Amino acid sequence: MLMHKLDENLPEAFNPSPEFIARMEGFMKEVAQSGVLLAAEGLCETSKGATRITVSGGKITVTDGPFTETKELIAGFALLDVRSQEEAVEWGRRFADIFAETIGEVEVDVRRVFEMPEGGQPA
């Protein structure tokens, strides 16, 4: 899974330019045509509806956004089915490059998705 984080306080982070949109559409078409794309979506800024649920010491706290105290929030994801970590990182670099060239800053996490083994029991 590729997850990108953006600073909600940067105006261009959640107001992408036409150049950004065109580059991201091209990238997503390429990933889809390669056969590795399972799903991908961007997330709205937290002022447009977000709730954070925190559990600490057995107590549940529900906080509505926006979350102005948090600089980097997950802003979108792409779920890929690739053959190796190296392939995932290469797609992740190209994904990050689109942000770097149009927005300036981004952090992309490349993470493996935990898969429950058949029979539903962890190995």
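Where is proline 66 found? I looked, and proline 66 sits in the loop between β4 (59-64) and β5. The peptide bond running from glycine 65 to proline 66 is cis, with omega near 10°. My reminder to myself: most peptide bonds are trans.

**Ground rules.** I'm working with a predicted model, where local features need pLDDT of at least 70 and side-chain atom pairs count only at pLDDT 80 or more, while totals for chains, interfaces and linings use all residues. Residues are numbered from 1 along each chain as its sequence is written, and side-chain values use heavy atoms, with hydrogens and water left out.

**Overall layout.** I found two helices and six strands. For the record, helices (H or I, at least four residues) and strands (E, at least two) are DSSP runs, numbered from the N terminus. Reading along the sequence, I get β-α-β-β-β-β-α-β. The C-alpha atoms fill a box of roughly 45 × 45 × 20 Å, taken along the principal axes.

**The two helices.** I checked how α1 (residues 18-34) packs on α2 (residues 85-102): the angle is about 170° and the axes are 9 Å apart. Here axes are lines fitted to C-alpha atoms, for helices over the stretch in contact, and angles run from 0 to 180 degrees between N-to-C directions. The pair is therefore roughly antiparallel; the label goes to angles over 145, with under 35 roughly parallel, 65 to 115 roughly perpendicular and the rest oblique.

Who makes the contact (heavy atoms within 4.5 Å)? From α1 I noted, among others, Glu19, Phe20 and Phe27, and from α2 residues including Trp91, Phe95 and Thr102. By class, the contact has nine nonpolar, two polar and six charged residues. In this scheme Ala, Val, Leu, Ile, Met, Phe, Trp, Tyr, Cys and Pro count as nonpolar, Asp, Glu, Lys and Arg as charged, and the others, Gly among them, as polar.

**Threonine 102.** This residue lies in helix α2. Leaving out residues up to four places away in sequence, threonine 102 touches Glu19 and Phe20. The C-alpha atoms of threonine 102 and glutamate 19 are separated by 7.3 Å, though the two are 83 residues apart along the chain.

**Aromatic pairs.** Rings of Phe, Tyr and Trp (its six-membered ring) pair if their centres lie within 6.5 Å; planes under 30 degrees apart count as stacked, over 60 as edge-to-face and the rest as tilted. I get four aromatic pairs by this rule. In one of them, phenylalanine 27 and tryptophan 91 have ring centres 5.8 Å apart and planes at 70°, so the pair is edge-to-face. Phenylalanine 27 belongs to α1 and tryptophan 91 to α2, so this pair ties together parts that are 64 residues apart in sequence.

**Pockets.** On a 1 Å grid over the protein atoms alone, a pocket is an open set with protein on both sides within 12 Å along at least five of seven lines, and lining residues have an atom within 4 Å of a point. Grid points are joined across faces, edges and corners, and a volume is the space filled by probe spheres set on the points.

The largest pocket has a volume of about 430 Å³. Its lining has 22 residues, with His4, Phe20, Gly42, Leu43 and Ala75 nearest the centre. Helix α1 gives the largest share of that lining, five residues.

The second largest pocket comes to about 350 Å³. I counted 15 lining residues there, and Met1, Leu80, Val82, Arg112 and Val113 lie nearest its centre.

Methods. Contact = heavy atoms within 4.5 Å. 1 Å grid on protein atoms, 1.4 Å probe; cavity = no way out; pocket = protein on both sides within 12 Å on 5 of 7 lines; lining within 4 Å.
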